[in-house]
Amino acid sequence: MSFPNHSSPSSFILTGIPGLEDAQFWIAFPFCTMYFMAMLGNITLLLLIRMDPSLHLPMFHFLSMLAAIDLVLTTSTMPKLLSIFWFHSHEIDFEGCVAQMFFIHSFSTMESGVLLTMAFDRYLAICKPLRYSAILTGLTVAKLGLAAAVRGIAIITPLTCMVTSLSYCGPHIIHHSYCEHMSVVKLACGDTRPNSIYGITVATVVVGSDSILIAVSYVLILREVTNVSSREARLKSFGTCGSHISVILLFYVPGLFSFYIQRWGQRVPAHLHILVADLYLLVPPMLNPLIYGMRTKLIRERVLSLLWQ
């Protein structure tokens with residue numbers, strides 16, 4: 001990808017967490033621990049599902065997609081973030097910044113799509129069990145995964161192109177730990193309203209539609225579960241749905257908080273906003289393998305057998 005020389009700076013400076021510069025060295029330790037847990041959990045899931053033929057089912061294929069997306073999300077940000085906190089490596093070149101921004105936003109959009117497909121999968125499994133295999137064939141699963149990937153790339157590519165076409169003036173200091181869209185746009189000269197309008201519209205439409213459809217799926221699931229005669233089965237289903245909904249809320253709420261605070265949250269302390277934005281890319285990838293994986297009996301048994309061996 002080529003960038004216009006007259007408008008593109010050679011590099012930006014990432015500040016890390018404004019206001020907590022003295023504490024960043026110590027903050028990096030829990031961040032590094034969470035990153036390690038996210039990497040270990042998601043890689044383990046991918047390897048288990050790939051190696052075990054009994055796990056070659058739609059639910060586990062969707063879980064593989066989620067694990068792969070989480071690995072890209074965390075790896076696109078955490079190594080650079082840790083180098084800022086520990087080694088004061090604040091500089092990032094323009095092309096690297098744009099690439100990081102593209103990966104963060106496109107794969108976040110993909111993750112939203114995959115969470116929606118997983119909710120649909122659970123709806124079919126619980127509410128339409130007799131038609132489950134006929135509807136979710138291998139080809140259908142592949143199409144749903146491809147649709148989530150294409151949507152993420154198609155939505156974020158114009159946003160990336162708009163950022164590269166802007167002219168930048170003044171100090172090229174990004175008051176953030178990574179290259180988030182609006183943090184970069186704030187450094188541009190001239191009219192940036194198209195960027196803001198497009199970004200707000202995309203975030204609202206994608207998150208709004210996906211979260212509503214996910215909520216509808218789980219409402220239908222819970223309604224079906226309440227008709228189950230066994231109290232134990234009801235409690236198990238409520239526990240599973242509750243943990244899934246918690247992870248989904250952990251993904252959407254901090255993301256929207258960070259997104260809208262960038263535009264209208266001048267009264268929110270900068271360090272709080274940036275901490276939430278950093279944890280948004282760490283906590284869900286760390287918890288997803290535990291919630292979706294270890295709470296699934298087949299995967300739990302495989303992991304325990306591996307540990308026992």
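Tutor: Trp26 is exposed, at a relative accessible area of 59%; exposed means over 50%, buried under 20% and partly exposed in between, with a 1.4 Å probe and protein chains only. The model is predicted, so local features need pLDDT of at least 70 and side-chain atom pairs count only at pLDDT 80 or more, while totals for chains, interfaces and linings use all residues. Residues are numbered from 1 along each chain as its sequence is written, and side-chain values use heavy atoms, leaving out hydrogens and water.

Across the whole structure, a search finds twelve aromatic pairs. One of them joins Phe25 and Trp26, with 5.0 Å from centre to centre and 90 degrees between the planes, an edge-to-face arrangement. Phe25 also pairs with Phe29: the ring centres are 5.5 Å apart and the planes stand at 80 degrees, so this pair is edge-to-face as well. Pairing requires ring centres of Phe, Tyr or Trp (its six-membered ring) within 6.5 Å; planes under 30 degrees apart count as stacked, over 60 as edge-to-face and the rest as tilted. Phe25 is partly exposed, with a relative accessible area of 37%, and Phe29 is partly exposed at 38%. Phe25, Trp26, Phe29 and Trp86 form one aromatic cluster.

Phe25 and Phe29 both belong to helix α1 (residues 24-51), where they are four residues apart, about one turn of the helix. Helices (H or I, at least four residues) and strands (E, at least two) are DSSP runs numbered from the N terminus.

Ala38 has 1% relative accessibility and so counts as buried. Leaving aside residues up to four places away in sequence, Ala38 touches Leu71, Thr74, Pro285 and Met286; contact means heavy atoms within 4.5 Å. The C-alpha atom of Ala38 is 9.6 Å from that of Leu290, although 252 residues separate the two along the chain.

Two of the residues touched by Ala38, Pro285 and Met286, are in α11. Helix α11 (residues 283-294) has twelve residues and reaches 16 Å from first C-alpha to last, close to the 16 Å expected at 1.5 Å a residue. That expected span is 1.5 Å times one less than the number of residues. Nine of the twelve residues of α11 are buried, so the helix is largely enclosed by the rest of the structure. The buried residues are Val283, Pro284, Pro285, Met286, Asn288, Pro289, Ile291, Tyr292 and Gly293.

Two packed helices are described by the angle between their axes and the distance between the axes. Axes are lines fitted to C-alpha atoms, for helices over the stretch in contact, and angles run from 0 to 180 degrees between N-to-C directions. For α1 and α11 the angle is about 40 degrees and the axes are 8 Å apart. The two helices are therefore oblique to each other; angles under 35 degrees count as roughly parallel, over 145 as roughly antiparallel, 65 to 115 as roughly perpendicular and the rest as oblique. The crossing of α1 and α11 is left-handed. On the α1 side the contact is made by Met34, Met37, Ala38, Gly41, Asn42 and Leu45, and on the α11 side by Val283, Pro285, Met286, Pro289 and Gly293. As for handedness, a crossing is left-handed if the near helix is turned anticlockwise from the far one by less than a right angle, and right-handed if clockwise.

In α3, seven of ten residues are buried: Met78, Lys80, Leu81, Leu82, Ser83, Ile84 and Phe85. These buried residues pack against β1 (11-14), α1, α2, β2, α4 (94-127) and α10 (270-280). After α3 comes His88, whose phi is positive, near 55 degrees. His88 is in the loop between α3 (78-87) and β2 (91-93), and at 58% relative accessibility His88 counts as exposed.
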